Amino acid sequence: MTELTYTDLVEDPSTGELELSDRASLRRVAGLSTELSDITEVEYRKLRLERVVLVGVWTEGTAEQSEASLAELARLAETAGSEVLEGLVQRRSKPDPATYIGSGKVRELFDIVVATGADTVICDGELSPGQLRQLEERLKVKVIDRTALILDIFAQHARSREGKAQVELAQLQYLIPRLRGWGESLSRQAGGRAGGANGGVGLRGPGETKLETDRRRINKRVAKLRREIAAMDTIRATKRGRRVANEVPSVAIVGYTNAGKSSLLNAITGAGVLVENALFATLDPTTRRASTPDGRTFTLTDTVGFVRHLPHQLVDAFRSTLDETADADLLLHVVDGSDPAPEEQVNAVRQVLAEITRSHESPLPPELIVINKADAADELALVRLRHLLPGAIVVSAKTGEGVAELVEALADRLPRPDVVVDALVPYTRGELVARVHAEGEVLTEEHLAEGTRLSARVRPDVASALEAYAVNGSPA
């Protein structure tokens, strides 16, 4: 008897399944000290288990909102490959300009770090270079902020050449004002005998510091990355222009991270992209073709997820990707119905979209809100969301509930061809009939002895091609 292997029993895995398998192959190992000497080596972050303490400053809003923000920071830390030991919130009117939480609380935090054995402190906000230096000197452990944590996750999940270049650009922009050195790394670098007593006239002096050398090299790298991304943007614009020339309607899927955008794309188009219950699981935009129930073709683009206080470096670096949303005919705004505060997610997404609009100098496309994860959401919460977000469609990408209704709503919202034609096309011109089916909306079709009688909505160029076969005074 022939032995069946696993590959004989299952279909070929999709691209998303292969990526998920690749990520799952790197397992966290608790209890092992694998601290990296270079903290910028983020590609291997999942091979270790960092022990972290979270710190936030509550300046506005309710206590529940501050705790929700810290809980989200904990999920970000776990996504980056960490074990959260403690979470602390300090109530202040504004963050302390020197130490973020105040000198007295820094001493308390130091005692907690020593007691828990933590090796990293993560702050729920963007630290200034001075705050970062003060905290590391006083706590004697590595300190990072929310922005650095999100950049770390992006660096782990970037797969395409464009995505990696965009993440590297964002990291370097974040790093430039935070360059610092210790001890001899701040010594002056003078060429030849310039720094010595016998250097000669005009050659004596401090020379150039290591920091200045690093800053110059980083600026050169940033300029190179910007040129590369601009070239990639040209390719993306060419593809987008081809779709516009063919007048293929486009839908951009936007929403908070882990709201289920990729799952919804798979449910509508069967794309098979990576789906994972983690923040920022997918970064690279995926565009797939789909059809409405009446046969019209449109494209669906899955964009990068948003988050509260999305670092401006990422918005700048991912500008070409995010511009896909401004050029779309319709925005499919996905909301996580199982989240405790979905309305705050909606506000965070709309803030980022408003920033994209200001830079793009054009109004945003119409928005269709989709409440996802209906299978995991509380019924009372769904009723409240329907009241807060009138016109929203409730779906579950996991079970398929409401997906058919969503596709019908997409068909109603998408732009339609604006010329109605009535033509009798001879059977020898079957390519015209095929073009009407592919590029227009067929209203009625009848096969007669003389040819195919069509009534359809088409673009002006298709109407011109049908002009010779128009009947009954049709615009064609």
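**View 1. Strands E13 and E15 pair in an antiparallel sheet.**
Seven bridges join E13 to strand E15 (residues 452–458), and the two run antiparallel. Strands here are DSSP runs (E, at least two residues), as helices are (H or I, at least four), numbered from the N terminus; two strands pair if DSSP finds at least two bridges between them. The model is predicted, with local features requiring pLDDT of at least 70 and side-chain atom pairs counted only at pLDDT 80 or more, whereas totals for chains, interfaces and linings use all residues. Residues are numbered from 1 along each chain as its sequence is written, and side-chain values use heavy atoms, with hydrogens and water left out. Within E15, Arg453 is the bridge partner of Leu424, and Ser455 is the bridge partner of Asp422.

**View 2. The open sheet E13-E15-E14 has three strands.**
The pairing in this sheet is antiparallel. Strand E13 (419–425) and strand E14 (441–447) stand at the edges with a single partner strand each, so one side of each lacks a neighbour in the sheet. From one strand to the next, the twist averages 10° (axes are lines fitted to C-alpha atoms, and angles run from 0 to 180 degrees between N-to-C directions). E14 and E15 form a hairpin with four residues between them. Six bridges join this antiparallel pair, and Glu445 has Leu454 of E15 as its bridge partner. Because five of its seven residues are buried, E15 is largely enclosed by the rest of the structure; buried means under 20% relative accessible area, with a 1.4 Å probe and protein chains only.

**View 3. A second open sheet is built from four strands with parallel pairing.**
The order of the strands is E2-E1-E3-E4. At the edges are strand E2 (82–91) and strand E4 (142–145), each of which pairs on one side only. Neighbouring strands of this sheet are turned by 25° against each other on average, direction ignored. E1 and E2 run parallel and are joined by nine bridges; in E2, Val84 is the bridge partner of Val52.

**View 4. The largest nonpolar core contains 42 residues.**
A nonpolar core is a set of buried Ala, Val, Leu, Ile, Met, Phe, Trp, Tyr and Cys residues joined through side-chain atoms within 4.5 Å. Phe154, Phe280 and Phe306 have the most contacts inside this core. Two or more residues each come from E1, H3, H6, helix H7 (161–175), strand E7 (250–255), H10 and H12. H6 gives the largest share, seven residues.

**View 5. The second largest pocket has a volume of about 950 Å³.**
On a 1 Å grid over the protein atoms alone, a pocket is an open set of points where a 1.4 Å probe fits, with protein on both sides within 12 Å along at least five of seven lines; lining residues have an atom within 4 Å of a point. The volume is the space filled by probe spheres set on the points. Of the 34 lining residues, Glu60, Ser69, Asp124, Arg308 and His309 lie nearest the centre of the pocket. Strand E1 (50–58), helix H3 (63–80), helix H6 (146–157), helix H10 (312–317) and helix H12 (342–360) each supply at least two residues of the lining, and H12 contributes the largest share, six residues.

Notes
Buried < 20%, exposed > 50% of the residue type's maximum accessible area, 1.4 Å probe, protein only.
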